[in-house]
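Hello,

Here is the structure we talked about handing over. My notes follow below it.

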Amino acid sequence: MTDILLAGESWVTVQLEIKGRNVIRDSEYGEAADRYVELLEGLGASVTYQPCHVAAESFPRTREELDAYDLVVLSDVGADTLQITERVAAGDTDADRCALLAEWVRDGGALGMVGGYMSFAGKGGQARYGSTPVADVLPVEVSTGDDRVEKPAGAVPRNAGVPDADLPEEWPHVLGYNRFAAKPEAEVWATVDDDPFLVVGDAGDGSAFAYATDCAPHWAPEALLDWEHLPTVWERVVDRVT
């Protein structure tokens with residue numbers, strides 16, 4: 001069984017409703033990991049899920065904690081969550097979990113990043129992975145600016161050679177993705193509008209993947225999430241990197 005740690009895919013929405021001189025404050029918590037977790041578990045994996053606020057405190061701080069997993073996946077959770085902790089904010093030192101993760105990958109671990117507003121460079125560059133050690137072990141070059149590509153009319157990913165899989169050339173459309181460039185030694189398994197869409201590669205004794213779009217709406221429409229071949233794609237990815 002493959003043990004996977006998935007971090008991210010959660011948010012809190014805070015809103016103000018103003019009625020004359022009265023202000024009503026409200027908040028709402030949401031998660032969007034369920035479909036991806038269900039898919040991975042359907043492949044026989046055991047998934048430990050840490051929403052963003054849980055990862056902020058509980059994401060592994062030691063090699064021993066990381067060694068409990070075969071694969072770590074970051075999805076829509078920015079680098080600040082792993083680096084600016086409550087300990088650091090209080091003026092104390094803490095583990096640089098981006099550096100720790102990169103070292104773990106080079107020593108044989110497996111890392112994946114799934115697209116979103118707080119993945120890779122992210123919205124306004126706020127995800128900020130391009131300036132962390134995580135970028136060194138990903139199979140793609142991460143921008144330092146806003147890397148989102150919004151495609152409200154839809155963009156069709158194309159199979160570029162997912163190994164050992166009988167997949168159609170065209171995949172269900174996506175509504176957006178993170179733009180990155182594949183590193184020279186990496187394997188591009190799918191493209192979208194001439195950009196890399198699914199990339200895998202090695203880093204030291206370990207390996208990693210980059211998936212340009214989301215694992216949930218809005219970027220990933222129902223047609224993609226319900227696509228009969230999607231489990232096959234992810235099975236090949238997990239097998240390759242672990």
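Which residues does Asp146 touch, not counting residues up to four places away in sequence? They are Gly122, Lys123, Gly124 and Gly125, where contact means heavy atoms within 4.5 Å.

Some ground rules. This is a predicted model, in which local features need pLDDT of at least 70 and side-chain atom pairs count only at pLDDT 80 or more, while totals for chains, interfaces and linings use all residues. Residues are numbered from 1 along each chain as its sequence is written, and side-chain values use heavy atoms, with hydrogens and water left out.

**Around Asp146**

Asp146 is in the loop between strand 7 (140–141) and strand 8 (148–155). Strands (E, at least two residues) and helices (H or I, at least four) are DSSP runs, numbered from the N terminus. Asp146 has a relative accessible area of 37%, so it counts as partly exposed. The cut-offs are under 20% for buried, over 50% for exposed and partly exposed in between (1.4 Å probe, protein chains only). A polar atom of the Asp146 side chain lies 2.7 Å from the backbone nitrogen of Gly124. The C-alpha atoms of Asp146 and Tyr117 are separated by 9.2 Å. The charged end of Arg148 sits over the ring of Tyr117, 4.9 Å from its centre; the test is NZ of Lys or CZ of Arg within 6 Å of the ring centre and within 35 degrees of the ring normal.

**Strand 1**

Strand 1 (residues 3–8) is mostly covered, with 5 of its 6 residues buried. It runs parallel to strand 4 (residues 46–50), over 5 bridges; pairing takes at least two bridges found by DSSP. Ala7 stands opposite Gln50. Strand 1 is also joined by 5 bridges to strand 5 (residues 71–75), again in parallel. There, Leu6 stands opposite Val73.

**Aromatic rings**

There are 8 aromatic pairs in the structure. Rings of Phe, Tyr and Trp (its six-membered ring) pair if their centres lie within 6.5 Å; planes under 30 degrees apart are stacked, over 60 edge-to-face and the rest tilted. Trp171 and Phe197 are edge-to-face, 6.2 Å centre to centre with 80° between the planes. Trp171 lies in the loop between strand 9 (157–159) and strand 10 (174–178) and Phe197 in strand 13 (residues 195–203), so this pair ties together parts 26 residues apart in sequence. Trp171 is buried, at 5% relative accessible area. Phe197 is buried too, at 1%. Both belong to one aromatic cluster, whose members include Phe209 and Trp234.

Best wishes

Definitions and conventions
A polar contact is a pair of N or O atoms within 3.5 Å; within protein, one must be able to donate a hydrogen and the other to accept it, and residues adjacent in sequence count only if both atoms are side-chain atoms.
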